[in-house]
Amino acid sequence: MSSPAYIAGDWGTSNLRLRLCAADGATLDSCDGAGAADSRGRFAEVFDGLTAGWRKADALPALLCGMAGSTFGWLEAPYLLCPEDIDNVAGSLVRARADVRIVPGMRCANPLGAPDVMRGEETQLLGALSLHPALASGRHLVCMPGTHTKWVALYDGTVLEFLTVPTGEIFRMLCDHSVLIRDRDTPVVHSPRDFERGLAESARHAGVPLLHRLFQSRSLRLDGQLSAEGAASWPAGLLIGTDCAGALPLFNDAEPAVHVIATEHLAALYEAALARLGRPAVRIAGEDAAFAGLARIHATLAEQEK
């Protein structure tokens, strides 16, 4: 059996995923813990409690990406200014302590001329290059759906620019804090038919602002055209369809295929939206990409230390 070489961690806002890894990046053990929002002020305590069993025999180094490096994280890590070669993140790690290093984020002026930032997605991008080496050559568009969806322009492995769209956050706010989609006691259930109908609506009145169409989430339900259980899927389709249709023209010089880095469910939703717009999708599992990125950073550090 391979010996443990390092600990890798993807510390998101809501969840922490930790893996005990061999030198080649293979996972030997794993565990989950509290996200950054619930670890504020006690990151070291949370990390040490979860990894104590792994560190009994050896003082294993740890690599962490995500919100561990945010303003409310373990230690604030800087942002690398784009355009930037994605592999350069390995040379800009920040030490939280002797055995823990944190991956920096990235910042840019986005296609709309506004400042934009990412933290955690840079590591997924790095892993995506390992999992799909063709991404390292030519111009590519990467979509990273989530609470804050990222659209990223890559050229020969360099992050040129990116755009953040709060698609997931708006959907969750509408579900939890408005009467447009559901009553609080009604669970959110995915309905493929209603999702496709929302996608169709996003294209049917493409020139009409999103704001002018959102109330249909409620009126269609009151009219009996949407079930209470499936009502959330219609605005999900509307939001994701609008997201894709708005982002693609801003990155129109990339290869036709869009690489989508996400969970299986989110990747399928964006793949359906992209297909309606004539763009094929290449799926990459988000968790696999994050840990492949951390493995690539560890390999770079090991090579430098030889």
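Predicted model: local features only at pLDDT ≥ 70, side-chain atom pairs only at ≥ 80, totals over all residues.
How many residues does the hairpin use to join β11 to β12? The hairpin passes from β11 to β12 through 4 residues.

Residues are numbered from 1 along each chain as its sequence is written, and side-chain values use heavy atoms, with hydrogens and water left out.

Two strands are taken to pair if DSSP finds at least two bridges between them. Strands of a sheet pair through backbone hydrogen bonds, either parallel or antiparallel. Between β11 and β12 the sense is antiparallel, over 6 bridges. R139 has Y155 of β12 as its bridge partner, and V142 is bridged to V152 of β12. With β14, β11 pairs in the parallel sense over 3 bridges, and C143 stands opposite V260 in β14. Of the 6 residues of β11, 5 are buried, so this strand is largely enclosed by the rest of the structure. Buried means under 20% relative accessible area, exposed means over 50%, and partly exposed covers the range in between (1.4 Å probe, protein chains only).

The largest nonpolar core has 36 residues, among which W151, V258, V260 and L274 touch the most other members. At least two residues of this core come from each of β11 (139-144), β12 (149-155), α3 (167-177), α4 (192-204), α6 (233-247), β14 (258-262) and α7 (264-276). The element that gives the most is α6, with 7 residues. A nonpolar core is a set of buried Ala, Val, Leu, Ile, Met, Phe, Trp, Tyr and Cys residues joined through side-chain atoms within 4.5 Å. In soluble globular proteins, nonpolar side chains tend to be buried together. Leaving aside residues up to four places away in sequence, V258 touches L141, C143, W151, L248, L274, R279, P280, A281 and V282, where contact means heavy atoms within 4.5 Å. There is also a second, separate core of 34 residues, which includes Y6, L125, V159 and I284.

A second open sheet of 6 strands runs in the order β3-β2-β1-β4-β8-β7, again with mixed pairing. Its edge strands, β3 (27-34) and β7 (94-97), each pair on one side only. From one strand to the next the twist averages 25°, with axes as lines fitted to C-alpha atoms (for helices over the stretch in contact) and angles from 0 to 180 degrees between N-to-C directions. Strand β4 (residues 62-66) and strand β8 (residues 100-102) pair in the parallel sense over 3 bridges. Here A62 stands opposite V100 in β8. The two residues are 38 apart along the chain, and their C-alpha atoms are separated by 4.7 Å. V100 is buried at 0% relative accessibility, and its contacts beyond four places in sequence are F47, A62, L64, W74, V94 and R95.

Aromatic pairs come next. Rings of Phe, Tyr and Trp (its six-membered ring) pair if their centres lie within 6.5 Å; planes under 30 degrees apart count as stacked, over 60 as edge-to-face and the rest as tilted. The count by this rule is 3 aromatic pairs. W11 and F43 have ring centres 4.7 Å apart and planes at 55°, so this pair is tilted. Because W11 lies in strand β1 (residues 4-11) and F43 in helix α1 (residues 43-51), the pair ties together parts that are 32 residues apart in sequence. W11 is buried at 0% relative accessibility, and F43 is buried at 3%. Another tilted pair is formed by W151 and Y270, at 6.4 Å centre to centre and 55° between the planes. W151 lies in strand β12 and Y270 in helix α7, so this pair ties together parts 119 residues apart in sequence. W151 is buried, with a relative accessible area of 0%, and Y270 is buried at 1% relative accessibility.
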